[in-house]
Amino acid sequence: MAQRIGYLGLGSNVGVPRENLAAAVAALPAHGVCVLASSSTYETDPVGDVLDQPDFLNACLRIATELEPEELLGACKAVERELGRVAQESPDYVRHGPRPIDVDLLLLGELEYSSERLRLPHREVTSRRFVLVPLLDLDPELTLPSGTRLADALAALPSGERDDVRLAGDPLL
Ligand SMILES: Nc1ncnc2c1ncn2[C@@H]1O[C@H](COP(=O)(O)OP(=O)(O)OP(=O)(O)O)[C@@H](O)[C@H]1O
Ligand SMILES: Nc1nc2c(c(=O)[nH]1)N=C(CO)CN2
């Protein structure tokens, strides 16, 4: 089976976030995901439905995998479970709420894909500063299958006061 290059987004705002991101990097290979490179880490203001929660630490990874899209989503969710994330099906789950780890599938090669459980590219990839900044760290020329340059998407975002992204630390590998 052919390998595809993809990009994952990592986020954490519970426990020791850098350790949680590093643990996700360490856990991915056992699920068929080879981690090729990491962005720097960024401290970011919470965005979404819950603003009153600790800042997040975010980073993005470049990966290589033979997994098909739904299998790769399964791998991301398995890593979240291993690191103690409350499953979406649990009564304790809070959408956009605090979490030890979030592993989002952002891009997988040139694939455009849509099912009940998965959209590729991730539907928020062009609207979240905490995703765009680390992705561009990995590849300033990164472009969506539609042809949209992510650098242009970032430049087009309104400069809000509540979605700041601050360089926090070295890449995770
Ligand atoms: N590209 C994708 N990557 C990860 N999850 C996706 C993707 N496309 C659709 N989903 C679906 O979104 C659901 C919710 O994801 P998650 O639990 O990470 O939500 P969230 O982090 O609270 O919010 P958001 O979806 O805005 O990131 C997942 O269970 C998954 O089925
Ligand atoms: N800054 C930031 N905000 C978020 C994040 C995140 O990773 N970083 N993840 C969320 C759940 O998807 C909701 N809000």
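Over residues 95-106, the chain is 42% strand and 0% helix, with its end C-alpha atoms 18 Å apart. Strands (E, at least two residues) and helices (H or I, at least four) are DSSP runs numbered from the N terminus. This is a predicted model, in which local features need pLDDT of at least 70, side-chain atom pairs count only at pLDDT 80 or more, and totals for chains, interfaces and linings use all residues. Residues are numbered from 1 along each chain as its sequence is written, while chains are lettered from A and ligands numbered from 1 in the order in which they are written.

**Exercise 1.** Find the strands that pair with β1 (pairing needs at least two DSSP bridges).

*Solution.* 
- Start with β4 (residues 56-65): nine bridges join this strand to β1, and the two run antiparallel.
- Pick one bridge: S12 has L57 as its partner in β4.
- Turn to β5 (residues 102-108), also antiparallel to β1, with six bridges.
- Here L8 is partnered by L105 of β5.

**Exercise 2.** Explain why β1 (residues 4-12) is largely enclosed by the rest of the structure.

*Solution.* 
- Recall that a buried residue has 20 or more other C-beta atoms within 10 Å of its own, C-beta atoms being placed from the backbone.
- Seven of the nine residues of β1 are buried, so the strand is largely enclosed.

**Exercise 3.** Describe the shell around ligand 1.

*Solution.* 
- The ligand is surrounded by 13 residues (C-beta atom, placed from the backbone, within 6 Å), the closest being D104, L105, R117, R119 and H122.
- β5 and β7 (119-120) are the elements giving two or more residues.
- The most come from β5, with three.

Methods:
A residue is buried if 20 or more other C-beta atoms lie within 10 Å of its own, exposed if 12 or fewer, and partly exposed in between; C-beta atoms are placed from the backbone. Two strands pair if DSSP finds at least two bridges between them.
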